[in-house]
Amino acid sequence: MKSLLSTLVLLGAAGLVAAAPARQPNIVFIFSDDHAYQAISAYGDARKLLETPNIDRIGKGGVRFDRCLVTNSICGPARAVILTGKYSHLNGFPNNSNSTFDGAQPTFPKLLKKVGYQTAMVGKWHLGSDPTGFDFWQILQGQGIYYNPPMIKNGERVQMTGYVTDIITDTSLEWLQKRDKSRPFLLMCQHKAPHREWAPALRHLNADNDRVYAEPPTLFDDYAGRGIAEHDQDMTIEKTMNDRDVKFLPPAGISPAELKVWNEYYEPRNAKVRAANLQGKDLVRWRYQRYMHDYLATVRSVDESVGRVLDYLDQEGLADNTIVIYASDQGFYLGEHGWFDKRWIFEESVRTPFMVRWPGHTKAGTVNNDLVSNVDFAETFLEAAGVPVPADMQGRSLVATLNGQRPADWRTAFYYQYFEYPTPHHVRPHYGVVTDRYKLVRFYGTGEDYWELFDREKDPLELKSVYADPSYAATKSALERDLARLRTELKVPDEIPPRWLGNGGAGGGGKKKAKQAQKE
Ligand code: CA
């Protein structure tokens, strides 16, 4: 394609081409952090947790992907996969604990910039090193905080005032307004919300009028039918959720004036629950309600942000030539299996929301069930922009899919691998293969390796491993073949360097553990 473009330019210079090449589309990549598909109304969760009319506009106007899987379900690694189009074992960012992104490696924003795109990155970056490949960047420091966050703008620290989602939206829109209107652009608008500790904007504190949320059927899961990893994790509402999570403590960075409004909402409710001295299941139930209130309130701010960006594109006449994407860095547990957080190959974690609107290409209201992945994003953006895809990227462009075609040789099996252990959430390292129906999983790296097999058709909640069931022998063999093939194709090393599991395995003390928890 590059040579084709240069040929066109040469021919054009010689006056031999009358028509200009097709306009390169703008790309608006709206990316949130830990946004469960269960908390997007377009995905139709049975609990009907909230309405997200603006995020839904993207799916209704384009394609809603129902099986978009991430390769490694945590924050930094997911970002590195998206930028590079490569799995963690090749892009050098396997975990949040001790990884630093090598910004010298090729990324899709760099390749877009090379062919004339203006590029901007605003919001949560979380990759340890400064962004590269962007004309403009303004990122949260590390994980970032919800209220009055310090940020780094093109290398300079800036203290921002206000609520993080609004700041990221304002900064994104300001950049769009000031851009060179003669060139195409890539905007990566990357929210902190709805990441832990789920601190809502003041305007959303009572948005649900103390509604009682339906509980997921597995809120009190006992993990029977599964192995030690599921029993041994540290991510339950019951045991892991802390005082800041449940808003017995106010969020970092909040100003005295903001705290006053905050306390007016939380204090009377907290006083009531403290007086009730809840225990056991009652306490879990209360925490779940508080969690849903807070988490969903932060999603409301993201939905408003999406609305503002879409409105801007409409007002400026940009919508027709702009690809708009909504995605999260992974899925998230909203009480299923008693959990919050992510990390697992299991559905709520591995599956991320993903919607794409591209007028003239996507058909409004399409729902796609193919196995697609965040490792496909880079190649998709490159092909859409007419940029050749580097041969060592490991995904596959979704442009044909967005155009309504289904490539006959589309993947039917997907490789997943998680590394970070034991902190912060004590989820054992595992890898596996995911198909339409099955998941074959191997837990590794702890000296207690073992396998599990799930049949999602018979067991959609993934409650019982059938690995030892002889009636699955043939299925198991087929999945093992898929797994071996994928590991070879994707160049997965047989031996994982211990540092890929993070710092936690090296016998870190309490202080170190606390620092890692912050980095999560
Ligand atoms: Ca995340």
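Reader: What order do the strands have in the open sheet of 4 strands?

Author: A word on the source first. The model is predicted, so local features need pLDDT of at least 70 and side-chain atom pairs count only at pLDDT 80 or more, while totals for chains, interfaces and linings use all residues. Residues are numbered from 1 along each chain as its sequence is written, and side-chain values use heavy atoms, with hydrogens and water left out. Helices (H or I, at least four residues) and strands (E, at least two) are DSSP runs numbered from the N terminus, and two strands pair if DSSP finds at least two bridges between them. Here the order is 13-14-15-16, with antiparallel pairing. Strand 13 (414-418) and strand 16 (450-455) are at the edges with a single partner strand each, so one side of each has no neighbour in the sheet. Axes are lines fitted to C-alpha atoms, for helices over the stretch in contact, and angles run from 0 to 180 degrees between N-to-C directions. On average, neighbouring strands of this sheet are turned by 15° against each other, direction ignored.

Reader: How many bridges are there between strand 14 and strand 15, and what packs on the sheet?

Author: Strand 14 (residues 430-434) and strand 15 (residues 438-443) pair over 5 bridges in the antiparallel sense. His430 stands opposite Phe443 in strand 15. Helix 13 (residues 473-489) packs on the sheet and touches strand 13, strand 14, strand 15 and strand 16 (contact means heavy atoms within 4.5 Å). The direction of helix 13 makes about 110° with that of strand 14.

Reader: What order do the strands have in the open sheet of 10 strands?

Author: The order is 7-6-5-4-8-1-9-10-2-11, and the pairing is mixed. Its edge strands, strand 7 (156-159) and strand 11 (366-368), each pair on one side only. Within this sheet, strand 5 (residues 136-140) runs antiparallel to strand 6 (residues 150-153), joined by 3 bridges. Leu140 stands opposite Met151 in strand 6. Helix 6 (residues 164-178) lies across strand 4 (118-123), strand 5, strand 6 and strand 8 (185-190), at about 170° to strand 8.

Reader: How do I describe two packed helices?

Author: By the angle between their axes and the distance between the axes. Angles under 35 degrees count as roughly parallel, over 145 as roughly antiparallel, 65 to 115 as roughly perpendicular and the rest as oblique. Helix 6 and helix 9 pack at about 10°, their axes 9 Å apart, and are therefore roughly parallel to each other. Helix 8 (residues 256-276) packs with helix 9 at about 170°, the axes being 12 Å apart, which makes helix 8 roughly antiparallel to helix 9. The axes of helix 2 (residues 53-60) and helix 9 (residues 280-315) come within 7 Å and cross at roughly 55°, which makes helix 2 oblique to helix 9.

Reader: Which protein donors does the calcium ion have?

Author: Donors are N, O and S atoms within 2.8 Å of the metal (3.2 Å for Na, K and Ca); water is not among the atoms, so sites may look incomplete. The protein donors are Asp33 (OD), Asp34 (OD), Cys75 (SG), Asp329 (OD), Asp329 (OD) and Gln330 (OE1), lying 2.1 to 2.7 Å from the calcium ion. Asp34 lies in the loop between strand 1 (26-32) and helix 2, and Cys75 in helix 3 (residues 75-84), so the pair ties together parts 41 residues apart in sequence.
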